[in-house]
Each structure stands twice: as structure tokens, then as C-alpha cells.
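Student: Please show me the model, and then let us go through it by question and answer.

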Amino acid sequence: MATIKPIEGRSVHQIQSGQVIVDLCSVVKELVENSLDARATSIDVRFKNYGLDSIEVQDNGAGIASEDFETIALKHYTSKLSNYADLSTLQTFGFRGEALSSLCALSKFHIITARASDGPKGTRLEFEPSGKLKETSVVASQKGTIVAVENLFYNLPVRRRELEKNIKREYGKVLNLLHAYACISTGVRVAVSQQISKGKKVVVFSTKANTTTKENISQVYGAKTVLALVPLDLKLEMNPLGGAASSSVKANIPDDTSREVHISGHISRPVVGEGRSTPDRQMFFVNSRPCALPQVTKAFNEVYKSYNVTQSAFIFANLVMDTNAYDVNVSPDKRTILLHDQSMLLEKLKECLVDLFENHDQSVPQSQF
Ligand code: ADP
Ligand code: MG
């Protein structure tokens, strides 16, 4: 008798969903990215009991068309990508159509949405764990979308227990992530609030729809933080003949790919007394997508430490590069990004940073740069 059999559909869905939504951070990240993809200019993130009871993300974006209600939470249904080739020119955060379907499988989940043409009415959508639409009802609503996730991991007891045990730490990580989205998103108001048990709702932080990342940073971290920063404006010329590691990778990159990597942002001056005691404020982005770049982080810190050995830098660095020059489809949570020519990039980055730190005038605050 054959021993190899397919796993039953519902179990496959649950297994895969647990890889997309691994923790509280993944929930918040997916929902905020969806709001940004819907071109929202105002995003409210509300936590009840650090997210253990509920996480709600409300935006004033495009809303969801009634024609899409049936499919919105089905796995691999997306408005953003239709084939693999589209990935190389992707302009949106999302592309796999997995977040909403995964949240249906792992939480008590509903959506309220309204388009501009719907007037003051919206629709509340309820789903089966499979992502199939269960029920719709008419509710009062402004234009935009509210996605509510309650009782996350209620059906994965081990993960739920871990979440409860580590909730304060998880919540801290979520706030760091929200700081990153709030700082990079110019033209978008971001407000984060929290309610503990039956207590009052408290605003954790908020930004206005500022025009510059510097204003965003000032509202998230305080005006004093900004005073200690110098602008980052590094142009890394990625000459293909300049590094041995690049030639083998280059063969896979289309000829029209721009070779330049532009790093813009802000960094604290490498002056003793102006750094931070821990590296807790370091944000990295690739084309404005917050992501983990361990090697780039290490390179920044190495150079900074050679000027200020006792402290850590505040870093806000956005790597702007051709969409062909990296791959976001590495891990289900899309936080890991594969950079082509990484070793050359690191080499050039260190050179440029040394140049910046050598040539900045330590006595001049940023407002005069
Ligand atoms: P993806 O973002 O990869 O497309 P998701 O499961 O996150 O997959 O979302 C599925 C689809 O639902 C999106 O492609 C988008 O069309 C729609 N959607 C999700 N969130 C929102 C939102 N806040 N506003 C408008 N549409 C949304
Ligand atoms: Mg998405």
C-alpha cells in the first residue's frame, strides 16, 4: 500500500499560513503594507492588550470593490502581481496574496471597507478559516478599510502560549517596526494607540503627513534626536570590473539594470557623547521597504565604531536601487532581501562612510549642512 499521500487541504493552508504570519510583527507589517499599497494618507494602528486581544489597522485608502469581496482572502489572490516576471518591476509591498488568507486561518478576522462612491456606508466582511467569504453586512463607514485581527493564534496553542509569555518584548519589536514605517512614509499620517484591559486608549506615537523623513523622525523620536544627525547621501558606483565577487552574479542581471546604489537618509555624527548606548535605533530600507540587512548593518556599525568606540549610531538608511538588483522573494515574511553584488556594495559603502565621517565638521549641527 502506498505510504505517500497528499496532506489534506485545510492542514496545508494552516501550515503555510503559520510561515507567513510568524508573530505579532508579521501581522502589523502585512496590514500596514496593505494600507500603504492602497495609497492611504492616514493609517491608525490600534492595539488592545499589546495585540493579544486585538490589532486593528484602519486606513483612508482606496477601499475594496464589492466585486473583490469573494476572493480577497483566498490564498494567492492579489491585485498586485499576475506572473513571476512582474516581480522584477514590483512597486508594491505585497505581491503574493497570502497575508489576508493566512490571517483568516490563524485568528478571528474581519474587514470593514468602503470606497469613495459608497457614501457613508461600508460593508463588514466575515470569512471562513479557509478565506472563503462567509457573510456580509452593511455598516456605517468612512472611505477606506479597517482590518481587525482578534485572538491571534487561538488555534495554535504552542504559539499562542509563546506569544502571551513574550508579549511585551514582541510589542516592543512591533513598535520599532512601526517607527520605521512612520519615518519612511512621507505624506502619510501614522497614529499608534494602545488600550490595556478596560483602561483609556493611549496614543503611543503619531506623525503628521509630513513632507520629509526628517520631520517624521523628529515626531517619532523627538526634536533632539534630529539635531545630532547628519544627512546620508552616498552614491555607490557599482563598477562591474571593480570586484571579483561581482562577475559571476552580473551574468544574471539584465543589461539595462542601473549599477548605481544611492543611500539616502540620516545618521548620528560619530562624536562621543552623541551616539546611543545601544543599537536600538537603526532602520534600513530597500527602495523604501523596511527590511533586515544584517551585513549592511554590520558595515555601518564597524565604520561608526572606529570613530566612536563606546556608543552606537542612530541610522536611517534607504538603499535606492534598480528593482532588478535585489530579490524580495526569499522568505515568506519578505523581511529578508537578497542583494546582488553585496560584497562590492559593502566595500563601497565603507569607503563612502569613512569619507563622510572624515569630512563632516564636528561642530556644525545638521541644520547648517
Ligand atoms: P497582497 O498584498 O500580496 O496582494 P494580501 O492578502 O495582503 O495580499 O491582500 C490581498 C488583496 O486585498 C490585495 O491585493 C488588495 O487588493 C486587497 N487589500 C488588502 N488590504 C487592503 C486595504 N487595506 N485596502 C484596499 N485593498 C486591500
Ligand atoms: Mg499584502
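Student: Is R96 buried or exposed, or in between?
Tutor: This is a predicted model, in which local features need pLDDT of at least 70, side-chain atom pairs count only at pLDDT 80 or more, and totals for chains, interfaces and linings use all residues. Residues are numbered from 1 along each chain as its sequence is written, while chains are lettered from A and ligands numbered from 1 in the order in which they are written. A residue is buried with 20 or more other C-beta atoms (placed from the backbone) within 10 Å of its own, exposed with 12 or fewer, and partly exposed in between. R96 has 18 C-beta neighbours inside 10 Å, so it counts as partly exposed.

Student: Which residues does R96 touch, leaving aside those up to four places away in sequence?
Tutor: R96 sits in the loop between β2 (54-59) and α3; helices (H or I, at least four residues) and strands (E, at least two) are DSSP runs numbered from the N terminus. Contact means that two C-beta atoms, placed from the backbone, lie within 7 Å. With that cut-off, the partners of R96 are H76 and T78.

Student: How many residues surround ligand 1, and which are the closest?
Tutor: A residue belongs here if its C-beta atom, placed from the backbone, lies within 6 Å of the molecule. Helices α2 (24-37) and α3 (99-106) each supply at least two residues of this shell. The shell numbers 22 residues, and the closest are N34, A38, T78, G94 and A99.

Student: How do the residues of that shell divide into nonpolar, polar and charged?
Tutor: Ala, Val, Leu, Ile, Met, Phe, Trp, Tyr, Cys and Pro count as nonpolar, Asp, Glu, Lys and Arg as charged, and the others, Gly among them, as polar. For the shell around ligand 1 the division is 7 nonpolar, 10 polar and 5 charged.

Student: Why are the buried residues of α6 on the same side of the helix?
Tutor: The buried residues of α6 (residues 213-221) are T213, N216, I217 and V220. They share a side because the directions from the helix axis to their C-beta atoms cover an arc of only 100°.

Student: At what angle do the axes of α5 and α6 cross?
Tutor: Among the elements covering the buried residues of α6 is α5 (167-184). Axes are lines fitted to C-alpha atoms, for helices over the stretch in contact, and angles run from 0 to 180 degrees between N-to-C directions. The two axes come within 7 Å, and the crossing angle is roughly 145°.

Student: Which residues make that contact?
Tutor: The residues of the contact divide into 5 nonpolar, 3 polar and no charged. From α5 come H179, A182, C183 and I184, and from α6 come T213, N216, I217 and V220.

Student: What is the phi of Y50?
Tutor: Most residues other than glycine have a negative phi. Y50 lies in the loop between β1 (42-48) and β2, and it counts as buried, with 21 C-beta neighbours inside 10 Å. Although Y50 is not a glycine, its phi is positive, at about 60°.
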